[in-house]
Structure formats: C-alpha cells, structure tokens
Amino acid sequence: MDTVDASAHYSQSIDEKPSLLVLILDTNPYAWSTLSATLPLDRALASILIFLNAHMAFSHANRVAVIASHTKSARFLYPTTTTTAAAGGSGGEDPFRDANKYRQFRIIEDQVQASFAELMRQTTTEELVDSKETMMAGALGLALGYINRLVRVDDGGIGGGIGGGGGEVISMNARILVVSVSGDLAEQYVPVMNSIFAAQRKKIPIDICKVAGETVFLQQASDTTRGIYMQLEHPESLLQYLMMSFIPDTATRRHLVPPTQINVDFRAACFCHKNVVDIGFVCSICLSIFCTPPEGAICTTCNTKLDISALGNFGGSPAVVSTKKKRTKKLKQSKATSFSNEASATSTPGTPAS
C-alpha cells in the first residue's frame, strides 16, 4: 500500500511521562476568616478537589499529594498512613455511593476531607491567638521530600519509583502548587529560600495561587523556579482560575503561553528583626542580612567582626571624588613627534638611510 499511496507515512512512538502534582493548601483559619463572605474554606476545598480530579483524569498514571500548611505545623492530607473507612469500603456507608464515580476520585476526596476535618478538630483556640502566619517552610520541605522519594530525575538521582514490576522506575514531571491566603513569611525567610533554591536545582516549578494577602517570598519562588504566579482578583472564581491557568503540567506549558508576573519584589528579610528591608548590611562570610549594624559590630550568625568603619551616610549628599585626567593621547603624540624628528635627522625623503 505504501507504493500505491503517495502520501508520507510516519511512525513515531511518544513517551509521555506521568505528572505528579503536590498541592500545598494554606489552612490558616485566621486568614480564611477574612474571606468568609466571598470564599469560605469548605467551598475552596471543594473546588480544589474538583481540580485534583481533573488532573487525575488526564492519565491513570498521574499522581497527586495534598499538604496542609497550618499555623503551627505542616502535614499530609493525602496520602496518609491511616486508612479511612471510605478507602476500605467498610462501615455503614451506602454501597452504591461510588457506582458511577472513578474509585481513585472517591479515595482522594474522602481521605482529604477526613484528614482536613481531623486537623481542624485538633486545632485549639489557644493556637489561633496571634497566629497570622502559616508554616509554609515546613510544607515546602515536605513537598520536596515527597517528590524526591517518588520521582527519578533525569540526572541519575535515586528515587523510589511508582508502578511497574521488578523494580522498574518511571520518570515523572513534578510540580508544586501553593494556594496561599496568609501574609508575608518574614519569620521563615531562610528555610523558605532554601526550599526555593532546592526546587530550582531539581527543576521543579512552584506555582502560586494567591487568593488573599501579599507576600514577597512566594513571588520570588515562582520567578526563580519558572512557575506561575497569579493574584486572584475574584477569589469566588477559584475553580475557574485553577482549571484555566494551573491545570497544564510542565510538558504542556512548552506549547502554551502561561500567565507571567511583570513586577517581582526581590527584597529580603533581615536576620535581626525579621522585617522585609530595602537596604541592609550583609556579612561577607555567612551572608546574613541586618537592617542595622548588630551590637558590637559582631555578626549574630557566625560571630564575625564586621567592618562598619567604611559605612557611609545614606541620607547625606553623595561624595564627589576628583579624578585626574588621563594624558594618554598627548603621550602618544609626543612619541610620534620624537620619532619623526629622529627619522628626519638620520635620512631625507627619497634617499636611503646611511
């Protein structure tokens, strides 16, 4: 048939890698209380579960993980070490409840909801007093550790592997999605930046879905790892933002134009007062940042004596240093004239030199 048909025939095997999505959900009740009128936490969780099911529907080999970034701790909502009654199919539940639902969808939904309810039940009123931050550094550490355990990276790293018999290891495209509602994370500056650099080294993009609040370091996390950062103008449309902007994985984004952020805040946090500063003093040994010179001019991190004698007055007028004019051209001209004078003394034009 190839000799009869003049059209070209191509046979190409496409090796599609499964995708691993680790979703970090900011579960700080104080921050979610400010969105109770537009987007309650239970409604946001329902939208996130639909988004996870859509990710799983692309391929049966895709994997998900959900981590809760709470006020004092970070823990896995899925997968968990404890099995729920829904996963085992026991108890007094309706046996026809999941008749028309993909079993993996139901397992993820029930485990996430059960783990989330247990987390809120263990949260006391004393823990919520003056707890406006979330444990984002711990959640990023858990996400990176989980990815490192499951994913076999292309540079020959050691991974646990998913699926396949006989010790077969499957390479996966991993990414992290952070759904954040809390404010800045100045108290966790060092561990958050260490997680960002680790994700950049392993080429793991960190996507930020900023539902509320403003943070400097999550902008840097998205920009450094080439992820997507989006500040939601309408938080009540969370599901639409997730499905339209954050559903493509790293392989699909090569063929799309994902949303990008124009202005990125690259400010850092000082080590002394944990404040975001524009201008700071940096230790040349350990690169610690201080908003003001520490007491005794000694670095509080490495105990190095800091040289503050050359510190200028940042509020004063700039110093003007007079510079000497270079006379290179005049020197060249004097050399050229002396050379011509010597040449004229030794010989005349048209006659060979003696």
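Modeller: The dialogue below takes the overall fold, the cores, the aromatic pairs, the pocket and the backbone in turn.

Biologist: What kind of model is this, and how many helices and strands are there in the protein?

Modeller: This is a predicted model. The protein has nine helices and ten strands. Of its 354 residues, 38% are buried. Among contacts with a separation of 6 or more, 66% join residues 24 or more positions apart. The protein exposes about 21,500 Å², and carbon and sulfur atoms supply 55% of that area.

Biologist: How should I read the interior? Which residues have the most contacts inside the largest nonpolar core?

Modeller: In soluble globular proteins, nonpolar side chains tend to be buried together. Here the largest nonpolar core has 41 residues, and Leu23, Phe51, Leu52, Cys209 and Val211 have the most contacts inside it. Several elements each supply at least two residues of this core, including strand E1 (19–26), helix H2 (41–57), helix H4 (103–122) and strand E4 (173–180). The largest share, nine residues, comes from H2. Another core lies apart from this one; it has 37 residues, among them Ile208, Phe217, Ala268 and Cys270.

Biologist: With which residues is cysteine 209 in contact, leaving aside its neighbours within four places in sequence?

Modeller: Beyond those neighbours, cysteine 209 is in contact with Leu177, Val178, Val179, Ser180, Met230, Leu232, Leu238, Leu242 and Phe246.

Biologist: How are aromatic pairs described, and how many does the structure hold?

Modeller: The description rests on the distance between ring centres and the angle between ring planes. The structure holds three aromatic pairs. In one of them, the rings of phenylalanine 76 and tyrosine 146 have centres 5.5 Å apart and planes at 55°. Phenylalanine 76 is partly exposed at 24% relative accessible area, whereas tyrosine 146 is buried at 11%.

Biologist: What angle do the ring planes of tyrosine 189 and phenylalanine 217 make?

Modeller: Their planes are at 55° and their centres 5.1 Å apart, so this pair is tilted. Tyrosine 189 belongs to helix H6 (residues 189–201) and phenylalanine 217 to helix H7, 28 residues apart. Tyrosine 189 is buried, with a relative accessible area of 15%, and phenylalanine 217 is buried at 0%.

Biologist: How covered is the rest of helix H7 (residues 217–224)?

Modeller: Helix H7 is mostly covered, with six of its eight residues buried. These are Phe217, Leu218, Gln219, Gln220, Ala221 and Ser222. In the loop between strand E5 (206–210) and H7, threonine 215 is also buried, at 2% relative accessibility. Threonine 215 touches Gly183, Asp184, Leu185, Lys210 and Tyr229, not counting residues up to four places away in sequence.

Biologist: How is a pocket found, and what is the volume of the largest one?

Modeller: Rolling a probe the size of a water molecule over the atoms shows where empty space is left. The largest pocket has a volume of about 1,400 Å³. Its lining has 50 residues, of which Asn173, Lys203, Pro205, Thr250 and Ala251 lie nearest its centre. H5, E4, H6 and H7 each supply at least two lining residues.

Biologist: Finally, which backbone values deserve a remark?

Modeller: Most residues other than glycine have a negative phi, and most peptide bonds are trans. Lysine 203, in the loop between H6 and E5, has a positive phi near 60° and is exposed at 73% relative accessible area. Arginine 226 also has a positive phi, near 60°. Arginine 226 is in the loop between H7 and strand E6 (229–231) and is exposed, at 77%. The peptide bond from tyrosine 78 to proline 79 is cis, with omega near -5°. Proline 79 is in the loop between E3 and helix H3 (85–88).

Key: Residues are numbered from 1 along each chain as its sequence is written. This is a predicted model: local features need pLDDT of at least 70, side-chain atom pairs count only at pLDDT 80 or more; totals for chains, interfaces and linings use all residues. Side-chain values use heavy atoms; hydrogens and water are left out. Helices (H or I, at least four residues) and strands (E, at least two) are DSSP runs, numbered from the N terminus. Buried means under 20% relative accessible area, exposed over 50%, partly exposed in between (1.4 Å probe, protein chains only). Contact means heavy atoms within 4.5 Å. Accessible areas come from the Shrake-Rupley method with a 1.4 Å probe; for residues, only the protein chains shown count as cover. A nonpolar core is a set of buried Ala, Val, Leu, Ile, Met, Phe, Trp, Tyr and Cys residues joined through side-chain atoms within 4.5 Å. Rings of Phe, Tyr and Trp (its six-membered ring) pair if their centres lie within 6.5 Å; planes under 30 degrees apart count as stacked, over 60 as edge-to-face and the rest as tilted. On a 1 Å grid over the protein atoms alone, a cavity is a set of points where a 1.4 Å probe fits but cannot get out, and a pocket is an open set with protein on both sides within 12 Å along at least five of seven lines; lining residues have an atom within 4 Å of a point. Grid points are joined across faces, edges and corners, and a volume is the space filled by probe spheres set on the points.
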